[in-house]
Amino acid sequence: MTVLHDALARSRRLAPRSAALYRKGIDAFVAFTGAGPWNGAGVEAFRDALAARGLRPASVNAHLAGVRYASRRLADLGMGLDFARAAELQRVPWGLRRVLSLAEARALVRACDGSAPRDLRDRALLLVALRTGLRRAELVRLGLDDVTPGALRVHRKGGRVEVVPLDAEAGAALRAWIAWLRRHGVRAGFVFRSVARWPSIEGGHFRIGQSLSPDGMRRALAARAARAHLRGVHPHALRHTFVTLALGAGVPLARVALLASHRDPKTTMRYAHLLGLGDEAADPGGVLPPLT
């Protein structure tokens with residue numbers, strides 16, 4: 001194990017999925033460069049080698065994320081220099097990111113029409129995602145006690161907790177799903193759960209899981225997208241869509257950045273520039289268009 005692995009292991013604030021992703025990138029970097037010493041040029045050589053293998057810019061950056069994080073931790077812990085700080089990431093073409101049009105977002109929500117448990121769950125899941133811009137990990141970690149009238153308590157990266165407003169459409173869908181859970185005896189724990197009918201019992205009996213995994217959300221979204229005849233829809237596309245619809249509706253840039261929990265305002269500005277907007281949206285009272 002290298003000092004990069006050691007620096008990563010000493011972090012207490014990483015989600016398990018992030019830690020696994022970072023470890024994968026570090027493993028690949030060490031396999032490429034050897035056990036050190038490392039420098040920015042070595043990181044950029046690793047980046048270029050990944051690109052030469054045909055990886056997309058976002059995938060290249062995902063590999064680099066672990067190296068950059070561990071490099072920063074080395075410096076924070078006094079174990080070495082932040083050698084990766086100056087290394088440049090791959091440029092991701094923002095115009096090629098998957099964003100649903102308003103018509104596509106509405107078609108995706110319509111694909112959840114019905115009264116079956118999964119219809120209720122997926123409708124609530126997609127509307128909450130499209131109306132709040134929550135990340136996939138934040139969605140699946142929502143607890144029943146995190147739901148309040150008109151708002152959600154969201155557990156962000158790094159252990160931060162924020163309150164995010166919830167509009168009437170998403171609130172109604174969420175209440176319908178939670179009401180179904182309560183009718184089936186679920187009153188605590190996670191909001192979004194796996195649901196399966198017991199194979200040998202009829203009459204509306206269901207096996208309800210403790211939580212919906214991130215991969216379970218991906219599969220649920222893929223099924224709804226297929227029903228709506230949409231291609232290339234992945235969980236993070238819902239977040240891109242929220243930001244794009246909010247800016248297009250005239251919600252101020254600063255407020256969109258706050259709602260989306262963008263630490264760097266430049267991230268939100270990229271969406272605005274892609275839409276041809278200035279640094280500030282025009283209508284301070286902008287309202288998101290209905291999805292139902």
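Student: In what order do the three strands of the open sheet lie, and is the pairing parallel or antiparallel?

Tutor: Start with the general idea. Strands of a sheet pair through backbone hydrogen bonds, either parallel or antiparallel. Here the order is β1-β2-β3, and the pairing is antiparallel. Two strands count as paired if DSSP finds at least two bridges between them. Strands (E, at least two residues) and helices (H or I, at least four residues) are DSSP runs, numbered from the N terminus.

Student: What should I know about the model before going on?

Tutor: This is a predicted model: local features need pLDDT of at least 70, side-chain atom pairs count only at pLDDT 80 or more, and totals for chains, interfaces and linings use all residues. Residues are numbered from 1 along each chain as its sequence is written, and side-chain values use heavy atoms, with hydrogens and water left out.

Student: How many bridges join β2 and β3?

Tutor: Strand β2, residues 151-155, pairs with β3 over five bridges, in the antiparallel sense.

Student: What are the totals for helices and strands in the protein chain?

Tutor: The chain has twelve helices and five strands. It holds 292 residues, and 43% of them are buried. Buried means under 20% relative accessible area, exposed means over 50%, and partly exposed lies in between (1.4 Å probe, protein chains only).

Student: How do I read the packing of α6 and α10?

Tutor: Two packed helices are described by the angle between their axes and the distance between the axes. Axes are lines fitted to C-alpha atoms, for helices over the stretch in contact, and angles run from 0 to 180 degrees between N-to-C directions. Helix α6 (residues 117-132) packs on helix α10 (residues 235-248) at about 45°, with the axes 6 Å apart. That makes α6 oblique to α10. The classes are: under 35 degrees roughly parallel, over 145 roughly antiparallel, 65 to 115 roughly perpendicular, and the rest oblique.

Student: Which residues meet there?

Tutor: From α6 come L126, A129, L130, R131 and T132; from α10 come L238, T241 and F242. Contact means heavy atoms within 4.5 Å. By class, five of these residues are nonpolar, two are polar and one is charged. Ala, Val, Leu, Ile, Met, Phe, Trp, Tyr, Cys and Pro count as nonpolar, Asp, Glu, Lys and Arg as charged, and the others, Gly among them, as polar.

Student: Is E138 buried or exposed?

Tutor: E138 is buried, at 3% relative accessibility. Find it in helix α7, residues 136-140. A 2.8 Å polar contact links the side chains of E138 and R135. A polar contact is a pair of N or O atoms within 3.5 Å; within protein, one must be able to donate a hydrogen and the other to accept it, and residues adjacent in sequence count only if both atoms are side-chain atoms. Leaving out residues up to four places away in sequence, E138 touches V154, H155, R156 and K157.

Student: Where does L74 lie?

Tutor: L74 is in helix α4, residues 57-76. L74 is buried, with a relative accessible area of 4%. L4 is 70 residues away along the chain, yet the two C-alpha atoms are separated by 7.3 Å.
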